[in-house]
Amino acid sequence: MKRGIVIFVLLATVGCFRDLPKDKPPYKVQTNMFEQPRYETQSESQFFPDHAAMRVPPTGTVARGFLNEDPVYYTGKDDRGQLVARIPLPVTSELMQRGQDRYNIYCTPCHGKLGDGQGMVVKRGLLPPPPYWDPRLLAVPDGHVFDVISNGIRNMPPYKYQIPVSDRWAVVAYFRALQRAHTATINDIPDAERAAMGQGSK
Ligand code: HEC
């Protein structure tokens, strides 16, 4: 019984030494697949003629999930490289709400909640972007706005790394809503709503 207790205490304390610094690699009874002959990222190889272990994918191959076949959807340009006039998705109220949500996160710091170009970063010194209702921007195709969000333009950085493609189109829709909000007239409001606003028809 006494010996049993001693052995138990000894075994139990072995665990306490596990995290102490050691010079030697840990002893592994059963290595499973912990150690395998393999290359580390960017390591050297004597096997390949260029001595680089990392290989370029064979020409004509595409990683799974990266086919991006539809140029209009993925670049905002058609197969002749022309910017597309319209968002290539149905513009639903969900898309618009998603656009508003993403816009408020990613664009307001510079462009402001209204798109007037007076975001907080501008108040702290960034060169102000033009308001979205600048006549030139009212006339640009949707593909241009998608391209600006994706790749940036002049002083604006690209957002393709932060914002996935479907969300970029949602932001384009909301960009149009912000423009519309600024340029709308009373005639854009349906008669029924107009009455509720206390303004008879025009
Ligand atoms: C870091 C600040 C910053 C953020 C964030 C930012 N922008 Fe901009 N944006 C700018 C600046 C600055 C310009 C003006 C670029 C110039 O003309 O030098 C600009 C210009 C634009 C233009 C006009 C492009 C043209 O043709 O002149 C559009 C459209 C636009 N931004 C959309 C967006 C949208 C949508 C987002 C959010 C996804 C966004 N921006 C986020 C700074 C920003």
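I looked up arginine 154 first: an N or O atom in its side chain is 2.8 Å from an oxygen atom of the ligand. That is a polar contact, a pair of N or O atoms within 3.5 Å. The model is predicted, so I note its limits: local features need pLDDT of at least 70, side-chain atom pairs count only at pLDDT 80 or more, and totals for chains, interfaces and linings use all residues. Residues are numbered from 1 along each chain as its sequence is written, and side-chain values use heavy atoms, without hydrogens and water.

Next, other ligand contacts. Histidine 144 has a polar side-chain atom 2.6 Å from a ligand oxygen atom. Asparagine 155 uses a backbone N or O atom, 3.1 Å from an oxygen atom of the ligand.

Then I checked the shell. There are 23 residues around the ligand, each with a heavy atom within 4 Å of it. Cys107, Cys110, His111, Arg136 and Met156 come nearest. By class, I find 18 nonpolar, 3 polar and 2 charged residues. Among the helices (DSSP runs of H or I, at least four residues), α7 gives the largest share, 3 residues.

Last, backbone angles. Most residues other than glycine have a negative phi. Glutamine 42 has a positive phi, near 65°. It lies in the loop between α1 (2-14) and α2 (71-75). Its relative accessibility is 68%, so glutamine 42 counts as exposed, the cut-off being over 50% (1.4 Å probe, protein chains only). Asparagine 68 also has a positive phi, about 40°, and is in the loop between α1 and α2. At 39%, asparagine 68 counts as partly exposed, between 20% and 50%.

Terms used
Polar contact = N/O pair within 3.5 Å; in protein donor to acceptor, adjacent residues only side chain to side chain. Helix = DSSP H or I, 4+ residues; strand = E, 2+ residues; numbered from the N terminus. Nonpolar A, V, L, I, M, F, W, Y, C, P; charged D, E, K, R; others polar.
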